[in-house]
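Good morning. Please have a look at the chain on the screen, and I will go through it from the whole down to one residue.

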Amino acid sequence: LDRLARFLSDALMLIACIGVLLMMLHVTTEAVGKYVFSKPMPATQETVQFYYMVALVFLPIAYIARGEGHICVELFTQKMKPGPRAYLNIFIGVLTLIWLVLIAWYSGEEAITTTLDNELQETGNGFLIVWPGRWFIPAGCAVMALSVLVQLIRDIRSAWEPVAKETS
């Protein structure tokens, strides 16, 4: 399970990095075209809004969580004993897992709906197909949920190790 979570989070991070590079090239080409040749690229703003930014936010969240790069405030828990802190981590992990599964589920339903409807966004020069970008949210949240599940299993094992040693 851990290897699968690592592979998927790495893959989504790679896609997000490629997205950042494409966004930089796209916006640079737009600026050069607009100011040098007086011919801006069509639908740049919409492409950034519906593809690049969504990919940038949702695809790497599992990778960042795996490296414990998310913000963690330990103002009230830093002086807790390890046992209670472990149980608090389990509780927070369960809540986070539930929240991520719900977001993945509902955004997945929305992605299916927009895919079936062939969702388009009107631009100045026509229409831009935007439904593929809707899949970034459930993909990122599902892989993040998998990563949280792996961490939750680790937390449960570490919380029960002292109990198992005492009973044996």
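A residue is called buried when its relative accessible area is under 20%. By that rule, 31% of the 168 residues in this chain are buried. Please keep in mind that the model is predicted.

Next, the secondary structure. The chain has five helices and two strands. In sequence order the pattern reads α-α-α-α-β-β-α.

Now the overall dimensions. What radius of gyration does the chain have, and what would a compact globule of 168 residues have? The chain has 21 Å, while the globule would be near 15 Å. The C-alpha trace spans about 75 × 35 × 30 Å along its principal axes.

On contacts, take those with a separation of 6 or more: 74% of them are between residues 24 or more positions apart.

As for the surface, the chain exposes about 11,500 Å². Carbon and sulfur atoms supply 68% of that area.

Is T44 buried or exposed? T44 counts as buried, because its relative accessibility is 10% and the cut-off is under 20%. Which residues does T44 touch, if we leave aside neighbours within four places in sequence? The contacts are with H26, V27 and E30. With H26 there is also a polar contact of 3.3 Å, side chain to side chain.

That is the end of my part.

Notes. Residues numbered from 1 in each chain as written. Predicted model: local features only at pLDDT ≥ 70, side-chain atom pairs only at ≥ 80, totals over all residues. Heavy atoms only, no water. Helix = DSSP H or I, 4+ residues; strand = E, 2+ residues; numbered from the N terminus. Rg over C-alpha atoms; globule rule 2.2 N^0.38 Å. Buried < 20%, exposed > 50% of the residue type's maximum accessible area, 1.4 Å probe, protein only. Contact = heavy atoms within 4.5 Å. Areas by Shrake-Rupley, 256 points an atom, 1.4 Å probe, with all protein chains shown as cover. Polar contact = N/O pair within 3.5 Å; in protein donor to acceptor, adjacent residues only side chain to side chain.
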